Structures are given as C-alpha cells and as structure tokens.
Amino acid sequence: MYIQLNSQIICYEKTGEGAPVILIHGNKGDHHTFDELAETMSREHTVYAMDSRGYGESATPKEYHYADMANDVINLINALDIEKPYLVGFSDGGIIALLVAIRASNLLSGIVCCGANLNPAGIHHRDLREMKKEYKKTNDPKTLMMLVEPDISPSELQNISVPALIIAGDDDCIKEKETKKIAANIREAKLLILEGENHFSYIVGTDKLYRYIRGFLG
C-alpha cells in the first residue's frame with residue numbers, strides 16, 4: 001500500500017488484527033526485514049510494516065535525516081488514524097522511535113527500541129571505522145546520515161512519557177553503556193541486554209524478538 005504524507009510517498013504493509021504496532025526497519029533495510037516477525041505478530045496485532053523514505057518502495061528524498069523519518073511516522077499515524085500504536089524500531093528505526101516518542105508520546109502506547117544510539121559516538125569504534133570506509137567508497141547519503149546523526153540529548157529522552165523497552169545484544173555494534181544511558185533517561189523504561197546476540201541476530205530473518213516483547217505489548 002502507498003500513502004502520500006505531505007510531499008513524501010510512503011509504502012507500508014498492513015496485516016493482522018488487534019492492538020496496532022508499527023515496525024520501523026534499520027539502515028539499508030526495508031519492511032521485509034520484519035517478514036517473520038510480522039507474520040507471527042499479526043496473529044495478535046494489527047501490524048503496519050513501513051518502508052522509511054528512500055528505502056524499499058517509498059519515494060527517495062533529496063536528503064536523509066532521522067527527524068524527517070520521525071515526522072513520516074507521526075504523519076502515518078495521523079493519516080491512517082491509528083489509535084495509540086506501539087512502535088517497534090530496529091537500529092535506525094530505534095532512533096526514529098525515540099524521536100517520535102520525544103515529540104509525540106501522546107500518540108503512542110509505548111516503544112520498543114532495539115540497537116539504537118543517541119549519537120555516532122554511541123557506536124563501537126570498530127564499526128564506526130567500517131562505516132567511514134564504506135562512505136569513502138560509496139558516497140552513500142544513508143551511510144553519511146549514520147556518521148553525522150542523530151544528536152539526541154539525555155534531557156530530550158525525559159520528554160518520553162510512554163513505557164519503553166530498550167533492547168540490545170551483548171555483542172551489539174552499539175556500546176552497552178549507550179543502551180543503558182537511553183534506558184536510564186526514560187522514566188518508564190525497561191532495559192534488556194540479550195545474551196549471545198549481536199545487532200542483527202534476533203531481528204533479521206527471525207521472529208525471535210516477539211518472545212521478548214510480547215508481554216510488553218500487552
């Protein structure tokens with residue numbers, strides 16, 4: 001399905017019935033990242049799996065900014081009249097979920113934030129070096145976005161007034177202290193560090209995440 005949100009065309013897939021959940025993928029991905037998760041989750045929820053601007057079948061913007069992607073989610077909620085959804089965001093999608101909750105907690109029931117960072121310094125140096133090498137080779141604006149954004153302060157997180165589940169793997173490319181900082185600065189946050197998991201292993205090509213978040217989603 002496609003919807004025009006102001007000047008941006010967004011593609012999304014809607015499945016299932018029940019309390020609504022919006023799935024937000026990471027950098028270089030699209031809504032198919034969540035195919036297995038969406039199939040399982042749609043047995044109990046109405047699932048909206050969206051392609052962020054410039055990914056999948058959504059229209060390509062002139063520039064890439066997390067703030068614009070967060071606005072797209074807010075606009076999608078309003079345009080489709082989705083009543084109090086949960087956001088489940090992975091990597092860049094986790095950043096977007098944080099920004100939406102900072103700006104518009106009143107629209108949400110809660111957020112699940114997997115492998116997110118507040119700024120590029122929250123990424124392990126080895127992974128940041130690889131991103132810089134990739135950008136040097138490709139000049140990809142999506143990679144550049146990860147190198148210069150986001151810039152979320154701990155004080156901004158305190159504007160989040162809905163429950164939050166903050167998740168990362170214990171072998172994540174995000175520093176563990178960054179994940180803990182996010183959880184510590186959201187009033188109604190729970191922290192979950194997954195043993196034996198990396199940035200992708202509990203998300204991509206699996207519905208494993210649902211066993212960790214099912215209770216949180218009510």
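Predicted model: local features only at pLDDT ≥ 70, side-chain atom pairs only at ≥ 80, totals over all residues.
Two strands are taken to pair if DSSP finds at least two bridges between them.

Strand 5 is mostly covered, with five of its five residues buried. In a regular strand, side chains alternate between the two faces of the sheet. Both faces of strand 5 are covered: Tyr-86, Val-88 and Phe-90 are buried on one side, and Leu-87 and Gly-89 are buried on the other.

These pairings belong to an open sheet of eight strands, which has the order 1-2-4-3-5-6-7-8 and mixed pairing. Strand 1 (2-5) and strand 8 (189-198) stand at the edges; each has a single partner strand, so one side of each is left without a neighbour in the sheet. On average, neighbouring strands of the sheet are turned by 25° against each other, direction ignored. Strand 6 (residues 110-114) and strand 7 (residues 164-171) run parallel and are joined by four bridges. In this pair, Ala-164 of strand 7 is the bridge partner of Ile-111.

Helix 2 packs on the sheet, where it touches strand 1, strand 2 (8-15), strand 3 (19-24), strand 4 (45-50) and strand 5 (86-90). The direction of helix 2 makes about 110° with that of strand 1. Elsewhere on the sheet, helix 7 (residues 176-184) lies across strand 7 and strand 8, running at about 160° to strand 8.

The packing of two helices is described by the angle between their axes and the distance between the axes. For helix 2 (residues 66-79) and helix 3 (residues 92-104), the axes come within 9 Å and cross at roughly 65°. Angles of 65 to 115 degrees count as roughly perpendicular, and helix 2 and helix 3 are therefore described as roughly perpendicular to each other. The crossing of helix 2 past helix 3 is right-handed. On the helix 2 side, the contact is formed by Tyr-66, Ala-67, Met-69, Ala-70, Asn-71, Val-73 and Ile-74. These meet Asp-92, Ile-95, Ile-96, Leu-99, Val-100, Arg-103 and Ala-104 in helix 3. By class, the residues of this contact comprise 11 nonpolar, one polar and two charged.

Technical notes
Residues numbered from 1 in each chain as written. Heavy atoms only, no water. Axes fitted to C-alpha atoms, helices over the stretch in contact; angles between N-to-C directions. Helix = DSSP H or I, 4+ residues; strand = E, 2+ residues; numbered from the N terminus. Parallel < 35°, antiparallel > 145°, perpendicular 65-115°, else oblique. Left-handed = near helix turned anticlockwise from the far one by under 90°. Contact = heavy atoms within 4.5 Å. Nonpolar A, V, L, I, M, F, W, Y, C, P; charged D, E, K, R; others polar. Buried < 20%, exposed > 50% of the residue type's maximum accessible area, 1.4 Å probe, protein only.
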